[in-house]
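The sequence and the structure are shown first.

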Amino acid sequence: MRNGRETSLRPTRRLTALAVAGALAFTTPAFAETAPLDTQSAAPAASALERLPSFADLVEKVNPAVVSIRVDEEVTATAPAVPDLPFPPGSPFEKFFRDLQPQGPDGKPRSRHATALGSGFLISADGYIVTNNHVVGDGKDITVIRDDGSEMKAELIGKDSKTDLALVKVESKKPLPYVVFGDSENVRVGDWVLAVGNPFGLGGTVTTGIVSARGRQIGAGPYDDFIQIDASINKGNSGGPTFDVHGNVVGVNTAIFSPTGGSVGIGFAIPSSIAKNVVAQLKDKGKVTRGWLGVTIQQVDDEVASSLSLDKPRGALVAQVGEGSPAEKAGIKTGDVIVDVNGKKMEDVRAVSRTVADLEPESDAKLVVWRDGREKTIGVRIGTFPENPQMAAATEPGAEPEAVTTESLGLALADSPDGVIVKSVDPASDAAEKGIQPGDIVVKVSGRDVKKPADVVAGVEEANKAKKSSVLLLLRSDNQQRFVALTLQKS
């Protein structure tokens, strides 16, 4: 991301020496209103310190359950080879540059030892600990350091890259202190929160702030729904908890937005509503299974909603249905808008993705789709999300004859073996602004299949007669399909 200068989203992972972990906490602050001085009273004004909130009691309560995590791993060198240099055999310079080579004398890649530092928190008395997937990485040697400095070896139970969560476990003869998940759905923008962890390997550090935003997407995965907080978190805070004022975990710290790698007041936490389900599956099965429809979906904007006669932008537009997928078997079609899943209204694409993913594989679900200007209920048997889902493939476009111009769209179109291909795009058109490029294939116009350029022209004329302000095109490019609503130019 850019904001005037180079910035980046950084996982809060730290490769450095380790210190012990800490925690955070606080009680609900009671801010006294400022009153004018009473010059007639002999009683002194209340101390300013008495009016400030203190988080000490809550910190003392949750601190023993927050830990630091050290992961030792072997990293294979991937740097480019250093070129041969004209130093005599046996020269000190030759040895120096040879040692810089990523390959050893046997030609195999060199490896080096690395130590990764992060944070975590105990969620049960028998030693289960939540942290981030990127903290544990591929490390085999995991050590947990408690707030009293004691170290315990940990076993990896499971991890999930799509939500960046991991579960490890330590063994203890005595019950361990732990914290519990709260309800992140009740967290509001402006609520007080506290973050805890092991920033820069310094050990237990407590910071406080507020919830700055909800529902953030940062490109971390398909189920992005982060809580943004301004409590200071830095490298090494990854996997640590974000607490509400009652000491419940409402988020798992995972990333920061920063141009320097240090905190600038923008941090992101995985909501507990997501973490609870993932952690429960990791504990039970060591992995996460998700429901699957087998469709490619996209956001419904104002123009798409208008072109489909939908009352407002909502749900998710089906841009592609996978061959043999649960969606195809159930009769879901390209151009449908999924507006409801099992009685729950779908506001946008993320709601559909998360809701379907949370469904139990091989369970039955009822979907309501918007099709041909009305709602239709479809029953579907939910599948299991595959490791490498593949959508229906399309062949590359072949040679095309002369083009037909559709001036109202700013497109020049031609026949091809795969349908109607975009030959050129008016750079001043709405089509160019929305990313349509030469080589894109027009699959449908206003929900109707397109076989030749005349079909596109007919679809545009039909939209004009219906006095629509835009026309909806389904395009295919690089084996992926997407819908684009183009504004119609009035003559």
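## Overall architecture

Among contacts in the protein chain between residues at least 6 apart in sequence, what percentage join residues at least 24 apart? In this predicted model, the share of such contacts that join residues at least 24 apart is 63%.

The protein chain contains nine helices and 28 strands. Of its 491 residues, 47% are buried. The accessible surface of the chain is about 24,900 Å², and carbon and sulfur atoms account for 51% of that area.

## Aromatic pairs

A pair of aromatic rings is described by the distance of the centres and the angle of the planes. The model has three aromatic pairs. In one of them, the ring centres of phenylalanine 55 and tryptophan 192 are 5.9 Å apart. Their planes meet at 55°, which lies between the limits of 30 degrees for stacked and 60 for edge-to-face rings, so this pair is tilted. The two residues are 137 residues apart and link distant parts of the chain: phenylalanine 55 belongs to the loop between strand E1 (8-11) and helix H1 (56-62), while tryptophan 192 is in strand E8 (residues 192-197). Phenylalanine 55 is buried because its relative accessible area, 16%, is under 20%. Tryptophan 192, at 29% relative accessibility, is partly exposed.

Another pair is formed by phenylalanine 121 and phenylalanine 181, with ring centres 6.0 Å apart. Because the planes stand at 80°, this pair is edge-to-face. Phenylalanine 121 is part of strand E3 (residues 111-122), and phenylalanine 181 is part of the loop between strand E7 (165-170) and E8; the pair therefore ties together parts 60 residues apart in sequence. Phenylalanine 121 is buried, with a relative accessibility of 0%.

## A lysine over a ring

Lysine 169 is placed over the face of tyrosine 128. The distance to the ring centre is 5.3 Å.

## Helix H4 and its packing

Helix H4 (residues 272-285) comprises 14 residues. From its first C-alpha to its last, H4 reaches 19 Å, close to the 20 Å expected at 1.5 Å a residue. After H4 comes glycine 286, which has a positive phi near 80°.

Which residues of H4 are buried? They are Ser272, Ile274, Ala275, Val278, Val279, Gln281 and Leu282. An α-helix has 3.6 residues a turn, so residues three or four places apart point the same way. The strands against which the buried residues of H4 pack are E4 (128-131), E6 (151-160), E7, E12 (249-258) and E13 (267-271). These buried residues also pack against helix H7 (349-358).

Definitions and conventions:
Residues numbered from 1 in each chain as written. Predicted model: local features only at pLDDT ≥ 70, side-chain atom pairs only at ≥ 80, totals over all residues. Heavy atoms only, no water. Helix = DSSP H or I, 4+ residues; strand = E, 2+ residues; numbered from the N terminus. Buried < 20%, exposed > 50% of the residue type's maximum accessible area, 1.4 Å probe, protein only. Contact = heavy atoms within 4.5 Å. Areas by Shrake-Rupley, 256 points an atom, 1.4 Å probe, with all protein chains shown as cover. Phe/Tyr/Trp six-rings, centres within 6.5 Å; stacked < 30°, edge-to-face > 60°. Lys NZ or Arg CZ within 6 Å of the ring centre and 35° of its normal. Expected span 1.5 Å × (residues − 1).
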